Amino acid sequence: MQNSQVKSATRAIEILEYFKRVRQPRAMSEIAIALGYPQSSTTVLLKTLVTLGYLNFDRSDRLYFPTPKVTSLGDWIPRALFGTSRVLDAMRDVHAATGETVSIGIRNDVYLQYIQIIQSVHALRFHVDEGTLRPLTQSAVGWMLLSTMPDDKIDNIVRRANIATPKPADRVKIADMMEKVREVRKTGFCWTENVPFLGGGTICVLLPVTIQNQPVVLGLGGAAERIRQNRDRYLAALQRAARAVQPTDPFDQPIDIGF
């Protein structure tokens, strides 16, 4: 029973995430096929979400679509995470200056989690969804977060992150990770290519704020060649944005909501 309930809960969330991607009304059969669910259980889940008020059902066209109640679940989160500081403004400034994918990342256990993303406007880009988790060892943003930790803690985190990394070829040696961390500490920023995407590049810097007492990283990413050609300009835009994120009021801080 418990496994069945967990599966149902997971599928209900996946249905809402599906609508986030397609942004159009969909029939039950389309949803079932897209997500690989049995039509019988899909029907039950959709009816439940309609009863709870999270989906609207157009009986004439037999189409489902989310209601504003879905939006209300999370409309308070940006304020809770970012307060009224300039974090979101800083993201928009960097995006306006570069057009690249811009992200805010924090640590979630042994993972980096992208909690806010503005997608690239360039034709050649790499798409990352908000909420995506990635082992800290598998991205420049993760390396930047690791650089804020004591060396003995990094050792433990890298070992656990390797366990959480599915492909053995992607697992890293502690000595190699420490070398990267030392370089990040020396320069104050992180730049890499082909991690986590082949052909991709990333530049990132720390922000002078925390969320749930965790360091926060502002990063941008895109095609490696474009990042390489514009590295100095992009880095300057990130550093300028980071300097602008200086909370001036003790009440102008993210709320400690936990994760």
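**View A. Asparagine 162 in helix 8.** Asparagine 162 is part of helix 8, which spans residues 151-163; helices (H or I, at least four residues) and strands (E, at least two) are DSSP runs, numbered from the N terminus. The model is predicted, so that local features need pLDDT of at least 70 and side-chain atom pairs count only at pLDDT 80 or more, while totals for chains, interfaces and linings use all residues. Residues are numbered from 1 along each chain as its sequence is written, and side-chain values use heavy atoms, with hydrogens and water left out. Asparagine 162 counts as buried because its relative accessibility is 13%, where buried means under 20% relative accessible area, exposed over 50% and partly exposed in between (1.4 Å probe, protein chains only). When neighbours within four places in sequence are set aside, asparagine 162 is in contact (heavy atoms within 4.5 Å) with Arg171 and Val172.

View B. In helix 2 (residues 28-35), the buried residues are Met28, Ile31 and Ala32. Seen down the helix axis, these buried residues fall within an arc of 95°, so they line one face of helix 2; the arc is that of the directions from the helix axis to the C-beta atoms.

**View C. Strand 4 and its partners.** Six of the eight residues of strand 4 (residues 111-118) are buried. Strand 4 pairs with strand 3 (residues 101-108) in the antiparallel sense over seven bridges, pairing requiring at least two DSSP bridges between two strands. Arginine 107 has leucine 112 in strand 4 as its bridge partner.
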